Amino acid sequence: MATLATLGSSSVLRFQKPEPPKTRPSSQLLGFVTSQLSGVKISYNIPDLAPIKPISAPFTPALRPVARRVCPFTGKKANKANKVSFSNHKTKKLQFVNLQYKKVWWEAGKRYVKLRLSTKALKTIEKNGLDAVAKKAGIDLRKE
């Protein structure tokens, strides 16, 4: 609700909070629904329905989460940076890690292991060996 107040030569428009409507008995207790549209009162009886039971099963998403863009061996992840235009206008952007799917020979398991790793981790594996890098990162290659 708005009221117009004048103070000398200036006028001020003041807004007041509307009072909350007085509580009415719920339609469940009365057994019918009532609606008022432009002065016309509409009501009809609600049949006695069984109470709705809450779902007891926990919510499980239909889709599985996607793999994050983080290297499991080095822990490298996206870097926040500014993209700077010629006019020196800066906009935010992400610089993602160069992740690659690669089959790497695992000597201890005598088989290839398919991994998603960064190119930096690939160079480290070539230098130090897959077992040493996996042990340092705490990755169990037997599961994969």
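Trainee: What covers the buried residues of helix 3?

Mentor: Contact means heavy atoms within 4.5 Å, and helices (H or I, at least four residues) and strands (E, at least two) are DSSP runs numbered from the N terminus. What covers the buried residues of helix 3 includes strand 7 (99-106), strand 8 (111-118) and helix 2 (119-128). This is a predicted model, in which local features need pLDDT of at least 70 and side-chain atom pairs count only at pLDDT 80 or more, while totals for chains, interfaces and linings use all residues. Residues are numbered from 1 along each chain as its sequence is written, and side-chain values use heavy atoms, with hydrogens and water left out.

Trainee: Which residues of helix 3 are buried, and which are exposed on the other side?

Mentor: Buried means under 20% relative accessible area, exposed over 50%, and partly exposed in between, with a 1.4 Å probe and protein chains only. In helix 3 (residues 130-137) the buried residues are Leu130, Val133 and Ala134. They lie on the same side of helix 3 because they cover an arc of only 95° around the axis, the arc being that of the directions from the helix axis to the C-beta atoms. Lys135 and Lys136, on the other side of helix 3, are exposed.

Trainee: At what angle do helix 2 and helix 3 pack?

Mentor: Axes are lines fitted to C-alpha atoms, for helices over the stretch in contact, and angles run from 0 to 180 degrees between N-to-C directions. Helix 2 and helix 3 pack at about 120°, with their axes 7 Å apart. That makes helix 2 oblique to helix 3, since angles under 35 degrees count as roughly parallel, over 145 as roughly antiparallel, 65 to 115 as roughly perpendicular and the rest as oblique. Thr124, Ile125 and Asn128 in helix 2 meet Leu130, Ala132 and Val133 in helix 3.

Trainee: Which residues does Leu130 touch?

Mentor: Not counting residues up to four places away in sequence, Leu130 touches Phe73, Val104, Trp105, Trp106, Leu115, Ile125 and Leu141.

Trainee: Where is Lys110, and is Lys110 buried or exposed?

Mentor: Lys110 is in the loop between strand 7 and strand 8, and its phi, near 55°, is a positive value in a residue other than glycine. Lys110 counts as exposed because its relative accessibility is 59%. By contrast, Ser118 in strand 8 counts as buried, at 2% relative accessibility.
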